[in-house]
Amino acid sequence: MDIPFLDHLGVVPEYAEAGKVRISYTVKPEHTNSFHVAQGGLIMTLLDFAMGAAARTASNHELGAITIDMTTSFLRPSLGKIIVEGSLLKAGKSINYCEAVALNEAGEITAKASGTFMLRR
């Protein structure tokens, strides 16, 4: 997938197949907030992408997925290398339900999200 914004951030795709996606990202100083941890919008971007990509992998859908709804919970600060894992929970004809977690280097969940995605036609 060609997504210039994720390239700009430095997101590294690790795998995407059968409704499962894994990406990684190392927090850069310019992407932190006043507490010197990853800005929440950045983490939401990573979670959103992982879920949308997971929705696409189940049917090898090449046109993309559009976020309809997304709910995010922040559990602890995100620092260092962040791993984001997205998964497809339920696939419909055009609407897909997904979830994703962001993990720190210790394997702790720093944020989680659930979302609804529509596959582009």
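**Strands, core and salt bridges**

Ile-68 lies in strand E3, residues 65–74. Strands (E, at least two residues) and helices (H or I, at least four) are DSSP runs, numbered from the N terminus. This is a predicted model, in which local features need pLDDT of at least 70 and side-chain atom pairs count only at pLDDT 80 or more, while totals for chains, interfaces and linings use all residues. Residues are numbered from 1 along each chain as its sequence is written, and side-chain values use heavy atoms, with hydrogens and water left out.

- Ile-68 is partly exposed, at 47% relative accessible area. The classes are buried (under 20%), exposed (over 50%) and partly exposed in between, with a 1.4 Å probe and protein chains only.

**Strand pairing**

- Strands count as paired if DSSP finds at least two bridges between them.
- E3 pairs with E6 in the antiparallel sense, over nine bridges. Thr-72 stands opposite Ala-113 of E6.
- E5 and E6 also run antiparallel, joined by nine bridges. Here Tyr-97 faces Thr-116 in E6.
- E1 (residues 12–17) and E2 are antiparallel too, with five bridges between them. Glu-17 has Lys-20 in E2 as its bridge partner.
- E2 pairs with E4 over seven bridges, again antiparallel. Val-21 has Gly-86 in E4 as its bridge partner.
- In a regular strand the side chains alternate between the two faces of the sheet.

**Hairpins**

- E1 and E2 form a hairpin with two residues between the strands. Ala-18 takes a positive phi there, near 50 degrees.
- E5 and E6 form a hairpin with five residues between them. In its turn, Gly-107 has a positive phi of about 85 degrees.

**Nonpolar core**

- The largest nonpolar core has 28 residues. Leu-47 and Val-84 have the most contacts inside this core.
- A core is a set of buried Ala, Val, Leu, Ile, Met, Phe, Trp, Tyr and Cys residues joined through side-chain atoms within 4.5 Å.
- Leu-47 touches Met-70, Thr-72, Val-84, Ala-100, Val-101, Ala-102, Ala-111, Lys-112 and Ala-113, leaving aside residues up to four places away in sequence. A contact means heavy atoms within 4.5 Å.

**A buried asparagine**

- Asn-96 lies in strand E5. Its relative accessible area is 2%, so Asn-96 counts as buried.
- What does Asn-96 touch, not counting residues up to four places away in sequence? The list is Ala-55, Leu-88, Lys-90, Ala-91, Gly-115, Thr-116, Phe-117 and Leu-119.

**Salt bridges**

- The structure holds three salt bridges. Each needs a side-chain nitrogen of Lys or Arg within 4 Å of a carboxyl oxygen of Asp or Glu.
- Side chains of opposite charge can pair when their charged atoms come close.
- Glu-14 and Arg-22 meet through their side chains at 2.8 Å, N to O. Glu-14 is partly exposed at 36% relative accessibility, and Arg-22 is partly exposed at 24%.
- Arg-22 also forms a salt bridge with Glu-85, with the closest N and O atoms 2.9 Å apart. Glu-85 lies in strand E4 and Arg-22 in strand E2, so this pair ties together parts that are 63 residues apart in sequence. Glu-85 is partly exposed, at 29% relative accessibility.
- Arg-76 forms a salt bridge with Glu-108, the closest N and O atoms being 4.0 Å apart. The pair links distant parts of the chain, 32 residues apart. Arg-76 sits in the loop between E3 and E4, and Glu-108 in the loop between E5 and E6.
- Arg-76 is partly exposed, at 36% relative accessible area. Glu-108 is partly exposed, at 36% relative accessibility.
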